[in-house]
Amino acid sequence: MPVAAKKTDSKWDAETPLGLVRRARRMNRTLAVAFPHVYCELDFTNPLELTVAAILSAQSTDRRVNLTTPALFKRYRTALDYAQADRTELEELIRPTGFYRNKANSLMRLGQELVERFDGEVPHTMAELVTLPGVGRKTANVILGNAFDIPGITVDTHFGRLVRRWRWTAEEDPVKVEHAVGKLIERSEWTLLSHRVIFHGRRVCHARKPACGVCVLAKDCPSFGTGPTEPLVAAALVKGPETEHLLALAGL
Ligand code: SF4
């Protein structure tokens, strides 16, 4: 066992920077086959709705946010609506997403800032977006990539965890991870890569028990074996609507 582990380690330790670029791009192409229909899992129809949904998604799930936003978006349609919101009413509408007092603050201040500084429109540069209440770099990249089609790498917990497992980077800080991955992957791929990695993290490469035995990335993954390698055991760990397709790719 120690001998096998050592052998495996030395293979990845010897990888050159160019080898890493090639492997990372190959993994991205493999993920594109595994997840041909990726998308932002937050529901929205315009940049303001996506900004609001992204703010609400902090410490919550996309599913929970998607259940909450239809009524919210019906009632609040413009930045001015949020700027002039009745706090109690707004808090009630967003309560299911948790931390609703803080989030109501952010949304009301967001509305005010958009009205005062940006004519009520969501701006489309990183520098401007991160000046908005409740909008950090991660959220800004979600907005740029999905509402404005401007490539952005979204480093959430799944993304950071997976790229470290893959030895794309050892960085822990999300901004450093973003820059490190940005050097490996073509800029035009950044938004789709983010979705694919997050999909893979949610459906296959779980934090505790990744489904290594049916993983399309197995050959290129330095962490193969972190989860069960027996295909039938691993198959039971795959989640989500793409399960049949993923298992077929694994030969099951
Ligand atoms: S081989 Fe295992 S650890 Fe590596 S990406 Fe696949 S599921 Fe994750």
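A residue is called buried if 20 or more other C-beta atoms lie within 10 Å of its own, exposed if 12 or fewer, and partly exposed in between. Keep in mind that this is a predicted model.

**Exercise 1.** Find Lys138 and decide: is Lys138 buried or exposed?

*Solution.* Start with the location: Lys138 belongs to helix α9, which covers residues 137–147. Next, count neighbours: Lys138 has 22 C-beta neighbours inside 10 Å, so it counts as buried. Now look at which residues surround it. Beyond its neighbours within four places in sequence, Lys138 makes contact with Thr154, Val155, Asp156 and Pro174.

**Exercise 2.** Which cysteines does UniProt list for "binding site", and how do they cluster in space?

*Solution.* The unreviewed UniProt entry lists Cys205, Cys212, Cys215 and Cys221 under "binding site". These residues are spread over 17 residues of sequence, yet they cluster in space, with a largest C-alpha distance of 10.9 Å.

Now take two of them in turn. Cys205 sits in the loop between α12 (190–203) and α13 (231–235). Its count is 25 C-beta neighbours inside 10 Å, so Cys205 is buried. Setting aside neighbours within four places in sequence, the contacts of Cys205 are Leu162, Arg165, His200, Pro210 and Cys215. One of these contacts, Cys215, is also in the UniProt list.

Cys212 is likewise in the loop between α12 and α13. Because it has 23 C-beta neighbours inside 10 Å, Cys212 is buried. With neighbours within four places in sequence left out, the contacts of Cys212 include Ala218, Phe224, Pro228 and Ala234.

**Exercise 3.** Phe99 and Asp119 each have a positive phi. Where does each residue lie, and is each one buried, partly exposed or exposed?

*Solution.* Begin with Phe99. Its phi is near 45°, a positive value in a residue that is not glycine. Phe99 lies in the loop between α6 (87–94) and α7 (100–118). With 15 other C-beta atoms within 10 Å, Phe99 is partly exposed.

Move on to Asp119. Its phi is positive too, about 55°, although Asp119 is not a glycine. Asp119 is in the loop between α7 and α8 (126–129). Here the count is 9 other C-beta atoms within 10 Å, so Asp119 is exposed.

Key
Residues numbered from 1 in each chain as written. Predicted model: local features only at pLDDT ≥ 70, side-chain atom pairs only at ≥ 80, totals over all residues. UniProt positions renumbered as here; feature names shortened; annotations may be inferred. Helix = DSSP H or I, 4+ residues; strand = E, 2+ residues; numbered from the N terminus. Contact = placed C-beta atoms within 7 Å.
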